[in-house]
Amino acid sequence: MRTETAPDQTPTRLADYRAPDWLIDRVSLVFDLAANATRVRSTIAFRRNGSGTSSGPADLELFGRKLTLVSAEVDGQDVMDRVETDREGLRLAGPLPDSFTWTCETEIDPEANTELEGLYMSKRMYCTQCEAEGFRKITYYPDRPDVMAVFDVRIEADIVSQPILLSNGNPVEQGRLPGGRHFAEWHDPHPKPSYLFALVAGDLISHDDTFTTASGRNVDLKIYVRPGDEAKCAYAMDVLKRSMRWDEEAYGLEYDLDLFMIVAVDDFNMGAMENKGLNIFNSKYVLASPETATDLDFELIESIIAHEYFHNWTGNRITCRDWFQLCLKEGLTVFRDQQFSGDMRSAAQQRIGDVQALRARQFREDAGPLAHPVRPEEYVEINNFYTATVYEKGAEVIRMLHTLIGPEAYRKGTDLYFQRHDGQACTIEDWIQVFEDATGRDLSQFALWYRQAGTPKVHVSGDWEETGGVYTLTLTQELPETPGQTDKAPQVLPLAVGLLGHDGAELMPTTVLEMTEGTQTFRFPSLPAEPVVSFNRGFSAPVIVERAQTDAERAFLLAHDTDPFARWEAGRRYAIDLACRVIDGAPVDAQWTDASAKLLSDPDLDPAFKAMALGAPGADEMAAEVHRRGGLVDPDAVHAAQRAMHASLGTALQGPLTETYHAMQVPGPYTPDAADAAKRALANRCLGLLAETSADGLALAEAQFVQADNMTQSMTALRALVHNDAPGAADALTAFHDRWRQDPLVIDKWLSLQASAPGDTALERVRALTDHPSFDWTNPNKFRSLVGVFAMANPTAFHAADGSGYAFFTDWLIKLDGHNPQTTARLAGAFESWRRYTQDRQDLIGAQLGRIAAVETLSKNTREIVERIQGA
Ligand code: TRP
Ligand code: ZN
């Protein structure tokens, strides 16, 4: 039974949106920082919305959580006797004038704030996280994104332990105070919602640079880190400058303050936060050196720095009316960071990587109990909706729009968006409208992408008429049911198609077919011969393609398709089909290893492409496919199939893999450049296959581990040793730990690598690591690296038939929930695909979900996720 004090699980609905009763002209905040008793004095100039008519509500309602109210005044008069508070906020009883000044003082305890939301402490540093609803843990406020205000902030703190005091906007003044304290004042001229407020105070060092905008304005750039980390900021700074330039060139958008700051924080629930002028980052996405960061880390830093910077316009200057519109800023900003990374690196590789991530996270979400539309219509806890659907599918929807209307019309639309809506809190309707106005097109059917959940399936069949050389493509779209949504209308699908001749020549270059009906045929007349169809090139529509294709056709497309994505996709489909047969007991046929050998030796192919195309599909990809075909997944069988496929490759291609491994070694000092990273990716892919199948391979890994002068090489070698139980694995792990024990981000890698290592003793190893002095369960990066990675990336141990993996994971979720609900709820998503697995596994997971749901004091966050998963 739930007690009276259990959090309220009542959903908030889009349909219930009402404009705010009160608006704010200006707010001033004074922080008197103390670890356990910080005082926040807030002065707010309120104005009745639609004022002039005193017809609004009599009362003032403000959100506030875990606050101690010390004083409250209206226009200088004490109103404490008119104020009522409860766990969600405060009500000031009217009557109230049409405009007035509210002043209140609250006391908060940053050190006791383990949720990492609101004002909290990370080591000895104060920092804030206000999105989505964290500001209400700082002071009473209309904490909703459609209330925007100009902020003035004053921070007072101890000068020795907090020499640096930061907030949004531009610095105004600073100085000494009696008693070893000092102050700093900040002014942010751009009206903003409270979720973009930020404050940082601590002992920090900045890595500085400057940027001159297109219109000639000088901007100071500062990346603040803990002393000792200042040498690891150069890459982040370089990316920041490239992002600023790119946004000017690609979207015509310039930075709008004199200062742009980034702060790296060790304790953080997510990747990073776009607070106006003061982005706060998980240190994992800022700090990098060749010795400590891998190629993947550099790539992620590039995309996340860009993402947060791009929010300055898509999110901050134009924000969301309410949290249902989250994809307005997130989908768009992800699309923008994907465009940026595609321009910085190879667009084809970027696309393949983005599609892999979309399928792994978003298609899975869409196919399970947590499926929801890109713009959800209700939520219990908004923090649970920072999802792959809102972010990644949200980006796909914009990519489709871009494909449908073309780059020029897209730019016309975005120009209109920034011109029309600057300074406003907007909706998806506003976004669609600018493209309708810019193109004259009716986008009402296209807008269904925002409302209907589920991944569309497209069934493809073709017909060839020799006379007249007519090829007819018949397409049917099917929209699956998702929780709460059954009958769905057909969506607009931009499907890029190319036709190839049997000699590999292109008979028809890429053409975008616009599908708008349930079933549609497209005729291609006057072809010289029956074509091979390259379908959904570039993954132009985020759909599942159902199409009968032979291995031979796939091998042909893998060898000849002119579209790099479609080429890669052909190889993947081939491998996945084979994987399904191997799971059912078939051997790995030589045709596939031959096709892989061809791929490896093709001189025209990029090493990055080869690295992505080589090998068996991932365990999760296989599981999804087995389930999609109507089967139940046995995780051990999936793992065995993957091993068998790798063994065939490793054995059949030992020579070529070894040669490629050597040929791809990059001489000279490490650089994170895409070209070098691509060579390392291919070499390391070869190393992985070789180490999995031979003692020679393990010897190569051993040698690489000893010689490595960068983290990419070192980690890959160590993983090969540990995941294949090499004789030297234990010593290598110890040596690695001894070398890096002082570097928390490297220790995270050391934990993850072991957490994902398969084998009979996997759980014992992970359990032992939870007692290791280098593990700190209260730090989200550490928790995710060990417990999270175990659940998400160690399928055989997590799904152990005796249920031990599930029980272990659940114990930790329950423990973390009392401390940090946001991170717990996110990790509980590891159970979302439970209906994919064999009945014995489902029963075991069902029991663990029940255990979590039975916790009386369970957070609203975790309860919402667990109950939705249970409802599957
Ligand atoms: N808006 C952030 C981004 O996409 C993400 C975010 C939302 C976040 N809530 C958060 C980050 C809480 C950290 C903590 O860039
Ligand atoms: Zn974002």
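Me: In which sense do strand 7 and strand 8 pair, parallel or antiparallel, and over how many bridges?

Reply: Strand 7 and strand 8 (residues 89-92) pair in the antiparallel sense over four bridges. This is a predicted model, in which local features need pLDDT of at least 70 and side-chain atom pairs count only at pLDDT 80 or more, while totals for chains, interfaces and linings use all residues. Residues are numbered from 1 along each chain as its sequence is written, chains are lettered from A and ligands numbered from 1 in the order in which they are written, and side-chain values use heavy atoms, without hydrogens and water.

Two terms are needed at once. Two strands pair if DSSP finds at least two bridges between them. Strands (E, at least two residues) and helices (H or I, at least four) are DSSP runs, numbered from the N terminus.

One bridge of this pair joins Val83 to its partner Leu92 in strand 8. The pair belongs to an open sheet of three strands in the order 4-8-7, with antiparallel pairing. Strand 4 (60-63) and strand 7 (83-86) are at the edges; each has a single partner strand, so one side of each lacks a neighbour in the sheet. From one strand to the next, the twist averages 15° (axes are lines fitted to C-alpha atoms, for helices over the stretch in contact, with angles from 0 to 180 degrees between N-to-C directions). As background, strands of a sheet pair through backbone hydrogen bonds, either parallel or antiparallel.

Strand 25 (residues 457-465) and strand 26 (residues 470-478) run antiparallel, joined by nine bridges. Lys457 has Glu478 in strand 26 as its bridge partner.

Strand 27 and strand 28 (residues 506-515) also pair in the antiparallel sense, over seven bridges. There, Leu499 stands opposite Met508 in strand 28. The hairpin of these strands has five residues between the strands, and Gly504 in it takes a positive phi near 95°.

Buried means under 20% relative accessible area, exposed over 50%, and partly exposed in between (1.4 Å probe, protein chains only).

Next comes a loop residue, Asn113, between strand 9 (99-108) and strand 10 (118-122). With a relative accessible area of 11%, Asn113 is buried. Beyond its neighbours within four places in sequence, Asn113 is in contact with Gly118, Leu119, Tyr120 and Lys137 (contact means heavy atoms within 4.5 Å). Asn820 lies in the loop between helix 23 (804-817) and helix 24 (821-828), and at 2% relative accessibility Asn820 counts as buried.

The metal site is the next stop. The zinc ion (ligand 2) is coordinated by His307 (NE2), His311 (NE2), Glu330 (OE) and Glu330 (OE), at 1.9 to 2.8 Å. Donors are N, O and S atoms within 2.8 Å of the metal (3.2 Å for Na, K and Ca), and sites may look incomplete because water is not among the atoms. The six donor atoms around the zinc ion (ligand 2) subtend angles of 45 to 161°, which makes the arrangement irregular. Four donors count as tetrahedral if all angles lie between 85 and 135 degrees; four count as square planar and six as octahedral if opposite donors are over 155 degrees apart and all others between 65 and 115; anything else is irregular. Along the chain, the donors of the zinc ion (ligand 2) follow the spacing H-x3-H-x18-E. Distant parts of the chain are linked here: His307 is in helix 2 (residues 295-310) and Glu330 in helix 3 (residues 326-344), 23 residues apart. His307 counts as buried at 7% relative accessibility, and Glu330 is buried at 1%.

Last, the cysteines. A search of the whole structure finds zero disulfides, a disulfide being a pair of cysteine sulfur atoms within 2.5 Å. For Cys320, the nearest cysteine sulfur is that of Cys327, 7.8 Å away. Cys320 counts as buried at 0% relative accessibility, and Cys327 counts as buried at 3%.
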